[in-house]
Amino acid sequence: MSANPSYALEAKGLVKRFGGITATNNVSIGLEKGGRHALIGPNGAGKTTLVHLLTGVLTASEGSIHLQGNDITGLSVHERARRGLVRTFQINQLFDSLTPLQTLALVVSQHSGLGTKMWQVMGSSKKVVQRCEHLLEQFHLMDVRDQLTKELPYGKRRQLEIAIALACEPKVLLLDEPVAGVPASERGELLQIVDALPPDVSVLLIEHDMDLVFSFAKRMTVMVNGGVLLEGDPDTIANDERVKAVYLGHGDSVEFDTFEEIISG
Ligand SMILES: Nc1ncnc2c1ncn2[C@@H]1O[C@H](COP(=O)(O)OP(=O)(O)OP(=O)(O)O)[C@@H](O)[C@H]1O
């Protein structure tokens, strides 16, 4: 199946069945090159399943996925990441016991094909050092660069997660709930960082926080019951009665309150 050349990432007719449950039902989505696209929908709508299909964690029952015009439907997670499809992950225990500088040195040197003996690499490769410093600055981590990650405030950990993803030089970044669990006092810095992501990186944001969604996205896809209810610009989404009804129907108070505020302007 041919791909639309204006899309960095394009999924067509994705279906995922788990026994009798259809978690993703004929989903098509196109992320423009350099796009800022949000994927929203109530709990159980199928967002996580779709992300797993896009990244290759799950294999689609039907449908196709193209990255930069190339068919990646049958490729592994690793091969998709190597081609530039990167998802943010929660920091694991390995990174917890390192500092942000050590973590980024490890990721950058591995990504550059220099291996994981980071201190040798740090000492010998000016390129790795410069890239780490740039990332630390870009993600507001300079002040905590030498602190153990497990001791960082939660907001800084989330910033490091995005920095790790960017260290892999993605063409497409799947940004998975970047502000989930971050206290209000630490959100401002995180929002600035998300806003300042490089314009040439196409971003698909999966998020429940409607303030972030509406301040970030130029396009949105709303999923319900495994399918796409509507795709459009933020105004179209905010003013659509069906979208409003979905959020009302699910009675999710946090989403409903913020959504109502946005709709009522
Ligand atoms: N491995 C699985 N086996 C069976 N059913 C599954 C599996 N994974 C997901 N589902 C079902 O698919 C549907 C979609 O779930 P999914 O987690 O993708 O939704 P979601 O939109 O990400 O929800 P949330 O916002 O709560 O994370 C749900 O009904 C869920 O129970």
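**View 1. The shell around the ligand, sorted by residue class.** By class, four nonpolar, six polar and one charged residues make up the shell around the ligand, where Ala, Val, Leu, Ile, Met, Phe, Trp, Tyr, Cys and Pro count as nonpolar, Asp, Glu, Lys and Arg as charged, and the others, Gly among them, as polar. This is a predicted model, in which local features need pLDDT of at least 70 and side-chain atom pairs count only at pLDDT 80 or more, while totals for chains, interfaces and linings use all residues. Residues are numbered from 1 along each chain as its sequence is written. The residues surrounding the ligand are Phe18, Ile21, Ala23, Gly41, Asn43, Gly44, Ala45, Gly46, Lys47, Thr48 and Thr49, a residue being near a molecule if its C-beta atom, placed from the backbone, lies within 6 Å of it. Strand 2 (21-32) and helix 1 (47-55) each contribute at least two residues to this shell, and helix 1 gives the most, with three residues. Helices (H or I, at least four residues) and strands (E, at least two) are DSSP runs, numbered from the N terminus.

View 2. Four strands form an open sheet in the order 2-1-4-5, with antiparallel pairing, two strands being paired if DSSP finds at least two bridges between them. Strand 2 and strand 5 (70-71) stand at the edges with a single partner strand each, so one side of each has no neighbour in the sheet. Strand 1 (residues 7-18) and strand 2 run antiparallel and are joined by eight bridges, and Glu10 stands opposite Gly30 in strand 2. Helix 1 lies across strand 1, strand 2 and strand 4 (62-67), and runs at about 120° to strand 1; axes are lines fitted to C-alpha atoms, for helices over the stretch in contact, and angles run from 0 to 180 degrees between N-to-C directions.

**View 3. Asn26 and its surroundings.** Asn26 has its place in strand 2, and it counts as partly exposed because it has 14 C-beta neighbours inside 10 Å. A residue is buried if 20 or more other C-beta atoms lie within 10 Å of its own, exposed if 12 or fewer, and partly exposed in between, with C-beta atoms placed from the backbone. Not counting residues up to four places away in sequence, Asn26 touches Gly13, Val15 and Gly227, a contact requiring C-beta atoms, placed from the backbone, within 7 Å.

**View 4. Helix 4 and the residue that follows.** The twelve residues of helix 4 (residues 100-111) should span 16 Å at 1.5 Å a residue, and the end C-alpha atoms are 16 Å apart, which agrees; the expected span is 1.5 Å times one less than the number of residues. Helix 4 is mostly covered, since nine of its twelve residues are buried, among them Leu101, Leu104 and Val108. Just after helix 4, Gly113 takes a positive phi of about 80°.

**View 5. Two loop residues with positive phi.** His140, in the loop between helix 6 (126-138) and helix 7 (154-167), has a phi near 55°, a positive value in a residue other than glycine, and with 17 C-beta neighbours inside 10 Å His140 counts as partly exposed. Glu177 lies in the loop between strand 7 (172-176) and helix 8 (184-195), where its phi is near 45°, again positive in a residue other than glycine.

Technical notes: Two residues are in contact if their C-beta atoms, placed from the backbone, lie within 7 Å.
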